[in-house]
Amino acid sequence: MGLVDRIVKIVRAPHINFGQTYYVPSSEPEFFTKRQCKIVMSDGKQVGYLGIVHAEVLRKFGIPDPCTFVEIDIEALL
């Protein structure tokens, strides 16, 4: 979340409006429940998501350690 917070802080511009809260709970199966969220702008447009990757997904890809995944559409912020 710190990385996303930093990106949002850096790209703040007149045409970009994130509002006070830009994390919205989500329910994607590849992440642990209640350990994930969508990143949205104040107009409701989703520009990314982040979450702690579920153990089953890690096993299928042979990843031995827990990890967090972040995806953000930087182009949408330009």
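Buried here means under 20% relative accessible area, exposed means over 50%, and partly exposed is in between, with a 1.4 Å probe and protein chains only. Packing is judged by contact, that is, heavy atoms within 4.5 Å. Helices (H or I, at least four residues) and strands (E, at least two) are DSSP runs, numbered from the N terminus.

The model on screen is predicted; local features need pLDDT of at least 70, side-chain atom pairs count only at pLDDT 80 or more, and totals for chains, interfaces and linings use all residues. Residues are numbered from 1 along each chain as its sequence is written, and side-chain values use heavy atoms, with hydrogens and water left out.

**Stop 1**

An α-helix has 3.6 residues a turn, so residues three or four places apart point the same way.

**Stop 1: the whole chain**

Zoom out and colour by secondary structure. The protein has 2 helices and 4 strands, and along the sequence they follow the pattern α-β-β-β-α-β. Of the 78 residues in the protein, 31% are buried. The accessible surface comes to about 5500 Å², and 56% of this belongs to carbon and sulfur atoms. These areas come from the Shrake-Rupley method with a 1.4 Å probe; for residues, only the protein chains shown count as cover. Among contacts between residues at least 6 apart in sequence, 29% join residues at least 24 apart.

**Stop 2: the strands, pair by pair**

Two strands pair if DSSP finds at least two bridges between them. Start with β1 and β2, which pair in the antiparallel sense over 3 bridges. They form a hairpin with 5 residues between them. Pick Y23 and look across to β2, where I39 stands opposite.

Next, show β2 and β3. They run antiparallel and are joined by 6 bridges. Two pairs to select are F31 with its bridge partner V53 in β3, and K38 with its bridge partner Y49 in β3. β2 and β3 also form a hairpin with 5 residues between them, and G44 in the turn has a positive phi of about 95 degrees.

β3 and β4 pair in the antiparallel sense over 5 bridges. L50 stands opposite V70 in β4.

**Stop 3: G48 in β3**

Select G48, which lies in strand β3. G48 counts as buried because its relative accessibility is 6%. Leaving out residues up to four places away in sequence, G48 touches K38, I39, E71 and I72. The C-alpha atoms of G48 and K38 are separated by 5.9 Å, while the two residues are 10 residues apart along the chain.

**Stop 4: the core**

Show side chains for V4, Y22, Y23, I39, V47, L50 and L77. These have the most contacts inside the largest nonpolar core, which has 14 residues. A nonpolar core is a set of buried Ala, Val, Leu, Ile, Met, Phe, Trp, Tyr and Cys residues joined through side-chain atoms within 4.5 Å. Which elements give two or more residues to this core? They are α1 (2–11), β2 (31–40) and β3 (46–53). The largest share, 4 residues, comes from α1.

**Stop 5: A76**

Move to A76, in the segment after β4 (68–72). A76 is buried, with a relative accessible area of 16%. From A76, find V47: the two are 29 residues apart in sequence and 6.8 Å apart in space, C-alpha to C-alpha.

**Stop 6: two cysteines**

Finish with C37 and C67. Is C37 buried or exposed? C37 counts as buried, at 6% relative accessibility. C67, at 28% relative accessibility, counts as partly exposed. The structure holds 0 disulfides, a disulfide being a pair of cysteine sulfur atoms within 2.5 Å.
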